[in-house]
Amino acid sequence: MSELQNKPVKQLDPHLQALENEAIHIFREVVAEFTNPVMLYSVGKDSSVLLHLARKAFHPGPVPFTLLHIDTGWKFDQMIRFRDEVVAQHGLQLTSYTNPRGASQDITPFGKTRGIYTDVMKTEALRQALDMGGYDAAFGGARRDEEASRAKERIYSFRTADHRWDPRNQRPELWSIYNGMINKGESVRAFPLSNWTELDVWSYIEAQAIPVVPLYFAAPRAVVERDGMLILAQDKRLQLLPDEQVQQLMVRFRTLGCFPLTGAVRSTAQTIKDIITELRAATVSERQGRAIDHDQAASMEMKKREGYF
Amino acid sequence: MLSEHHDAHQAASSAANSNLSASDRAESTSKPGSKALRLITCGSVDDGKSTLIGRLLWDTKSVSSDHAESLATSSVSDEEGEAGTHIPEFALLLDGLQAEREQGITIDVAYRYFSTPRRSFIVADTPGHEQYTRNMATGCSTADLAVVLVDARTGILEQTRRHATIATLMGIKQLVLVVNKMDLVGYRQSVFESIWQDFQDLARSLSVETVTAIPVSALRGHNVVTDGSAKMPWYDGPSLLQTIETASVNTVPDGRFRFPVQRVSRPDESFRGYQGTIAGGIARLGQELTVWPGGAVAKIEQISTFDGDLLLARKGDAVTLVLDRDVDIARGDLLTATVSPPLSGWTFQANVVALDQAGIRPGREYWLKSSTRRLRVRIAVESQLDLQDNSWRRADQLTVNGIGKIKLEFAEEAFFDTYADNQNTGSFILIDPQTNNTIAAGMVIEKIGGVGQPDPSAMMELTLPVGLAKLLLESDIAADHRDQIITKLVPSSKTPGQGDI
């Protein structure tokens with residue numbers, strides 16, 4: 001598959017080079033200081049960059065940790081296919097975890113369970129998976145420019161034994177010296193992409209020819225408009241409401257999550273170059289299409305305090 | 001491909017897919033793709049810092065419309081002949097935590113990212129309250145430049161002095177004075193000139209290298225991004241944005257080769273490499289280096305990266321070094337150019353900023369983390385900086401936010417550079433072993449003791465095997481005399497890993 005070829009096609013500019021160096025430094029530091037790290041892999045563009053950097057950091061050795069995918073069962077099909085291809089191509093270890101409460105209590109992103117869906121299938125699932133693995137450090141692809149509470153994140157973000165984040169009581173972080181000292185049961189979330197912006201991520205993907213899920217590129221797709229979002233209408237589990245109609249529109253996804261909660265944007269950007277041009281002119285933030293950020297004020301902060309990454 | 005090293009690199013590169021060379025990374029500023037400029041904004045609570053950052057983001061179109069919509073707009077009263085400008089309530093945009101929005105204050109350091117066609121910027125946004133000195137120190141630790149904000153109506157305040165002092169103590173060499181709220185003093189040149197004069201005196205006393213000053217109205221947007229000459233025709237200098245677009249990134253000379261080892265990579269029997277980020281100077285193929293502790297000497301045989309081998313790598317590059325012989329090297333060791341050894345010893349003096357509510361108490365043992373090494377250290381507070389008049393007063397402990405000089409006493413040999421020489425190998429954090437909290441940030445001033453201090457007529461020279469010397473130095477007998485012991489490795493490149501003392 002041509003998308004999975006990995007050949008740098010372009011010299012990195014000093015800005016991206018500095019970001020890459022910083023991320024590699026963080027990867028190595030965490031692996032050296034913790035006994036059982038894991039990398040949260042969500043299959044999106046940030047995860048793709050994160051994985052690429054992990055492979056660089058430990059070259060010529062293999063990636064020395066497992067990838068953990070919290071699969072809600074409601075991801076886009078294309079994401080799961082892409083994930084399996086990447087894992088096979090690079091000989092990676094991947095654990096996929098789904099919270100069994102989803103099936104046993106019929107918790108879906110629709111109807112009356114929608115309100116608790118994210119908490120159970122993402123946040124609670126993540127806590128369960130981290131506990132089961134006994135991980136003391138978890139890499140994540142979160143970036144400070146994504147969202148206001150993430151702007152406050154440390155690169156080593158300390159979590160209590162029950163995975164809580166206390167934003168008002170964080171360890172100061174100076175220079176590139178990270179404090180990795182924790183007690184048993186506590187953990188650290190490490191964010192190598194902290195200082196990257198959405199534009200940096202795409203510029204790096206372009207420069208390094210990193211494969212990403214094709215849903216990021218514009219194509220004619222069947223979508224249905226619901227709650228102001230364009231939902232992809234490809235999964236049989238999506239039941240149309242009486243007034244809803246499927247339309248064929250030229251759309252792409254700026255972020256990828258659970259298909260019923262992730263809105264497409266109208267776009268004609270079919271290449272990475274097009275996406276970069278589109279982003280430079282964009283006036284709407286990246287996560288605007290993510291329903292989970294808008295449930296209530298300070299929504300992301302609440303989720304993070306509960307253990308969401 | 002930009003540099004002369006390119007051809008040589010291509011010749012040496014063995015990897016088929018390699019077209020990257022660390023040596024090609026141009027450092028020139030103010031062109032697209034140059035390294036991001038990291039800056040910190042400091043000012044007192046009411047100097048209009050949030051408005052300034054907000055204005056910078058707004059006028060560079062870095063605020064997305066869905067974020068802007070969530071903000072209430074505040075209207076600015078009309079000036080004569082000027083239409084009222086409606087701009088969002090910027091503090092709401094910047095304060096990311098619920099508690100901050102509820103209390104209307106900034107609690108913690110937040111980082112903002114924006115870019116113009118010329119370059120990218122990372123802004124450390126820190127609280128203005130006096131009690132948040134520690135947050136300012138945190139923001140300064142990675143900043144290339146500090147923007148010091150002053151209210152045109154009040155001029156230089158104690159807080160301004162404090163911020164400028166902290167910034168220079170943390171190694172920032174470029175200060176930009178922004179005299180804000182010029183609209184409230186009738187845009188008078190004399191007001192600006194008088195504050196600028198005071199600030200130059202302050203900067204001189206702190207020996208800052210580069211100082212510039214800009215008259216600004218952040219609220220109305222004059223001289224932040226857009227030109228303010230309509231209101232201030234007497235000012236013909238650059239706007240704030242132009243100033244930071246053309247400022248240089250922290251271009252401390254590359255310095256002497258320093259490589260703190262992060263981890264040893266041994267994927268199979270055929271490969272043994274040392275992974276880390278070059279903390280100073282340049283690594284060249286064939287270069288001789290010395291391993292600390294121990295003093296073993298070896299040469300660089302390979303500079304390995306994912307994109308192929310390099311002939312040369314420089315400060316900031318994350319690489320894997322392979323050496324020409326088997327040497328005992330572990331995480332935390334420091335590789336340096338043999339010709340420029342680090343300061344090595346048992347006792348050092350350092351500046352520190354107390355970051356934790358518990359302060360820094362005398363006689364306590366802490367963990368010290370510097371680069372990739374963690375050591376036990378006992379500390380003694382010597383003096384505290386009085387930020388009101390910049391004088392150092394005797395003190396034996398520091399409360400939170402205090403800046404002081406301390407003595408570091410190690411139970412094993414430690415390796416540093418001065419902070420002035422190298423911000424990587426000259427900086428450290430102290431960690432409380434009971435709470436695991438980061439309680440201080442430190443900058444090495446000098447090594448205490450060593451050659452020259454003890455009375456030479458009362459000294460005797462001994463040459464011992466390294467192992468025995470170490471035992472002696474770590475023993476109780478030597479414990480109280482470490483300052484007086486001079487250790488010196490007898491160079492012996494024929495027996496790497498071995499040395500005499």
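1. Two strands are said to pair if DSSP finds at least two bridges between them. In this predicted model, strand 7 (residues 219–226) and strand 8 (residues 229–232) of chain A meet that condition, pairing in the antiparallel sense over four bridges. Within this pairing, A:Val223 stands opposite A:Leu232, which belongs to strand 8 of chain A. The two strands form a hairpin with two residues between them, and in the turn A:Asp227 has a positive phi of about 50°.

2. For A:Val43, phi is near 80°, a positive value in a residue other than glycine, and the residue lies in the loop between strand 1 (37–40) and helix 2 of chain A. Is A:Val43 buried or exposed? It counts as buried, because 25 C-beta neighbours lie inside 10 Å and the cut-off for a buried residue is 20 or more.

3. In chain B, B:Asn436 is not a glycine either, yet its phi is positive, at about 65°. This residue lies in the loop that runs between strand 23 (427–431) and strand 24 (438–447) of chain B. Because B:Asn436 has 17 C-beta neighbours inside 10 Å, it counts as partly exposed.

4. In chain A, the bond from A:His59 to A:Pro60 is cis, with omega near 5°, and A:Pro60 is found in the loop between helix 2 (45–58) and strand 2 (66–70) of that chain. In chain B, the bond from B:Trp292 to B:Pro293 is cis, with omega near -5°, and B:Pro293 is found in the loop between strand 13 (288–292) and strand 14 (297–304).

5. On the scale of the whole chain, chain A is divided into domain 1, which takes in residues 2–210 together with 298–306, and domain 2, which covers 214–292. The centres of these two domains of chain A, taken over C-alpha atoms, are separated by 23 Å. Where they meet, 21 residues of domain 1 are in contact with 18 residues of domain 2.

6. Which elements give two or more residues to the side of domain 1 of chain A that touches domain 2? They are helix 3 (77–90) and helix 6 (198–208) of chain A, and helix 6 gives the most, with six residues. By residue type, this side of domain 1 divides into nine nonpolar, six polar and six charged residues.

Terms used: Residues numbered from 1 in each chain as written. Chains lettered and ligands numbered in written order. Predicted model: local features only at pLDDT ≥ 70, side-chain atom pairs only at ≥ 80, totals over all residues. Buried ≥ 20, exposed ≤ 12 C-beta atoms within 10 Å, placed from the backbone. Domains from an automatic or database assignment. Contact = placed C-beta atoms within 7 Å. Nonpolar A, V, L, I, M, F, W, Y, C, P; charged D, E, K, R; others polar.
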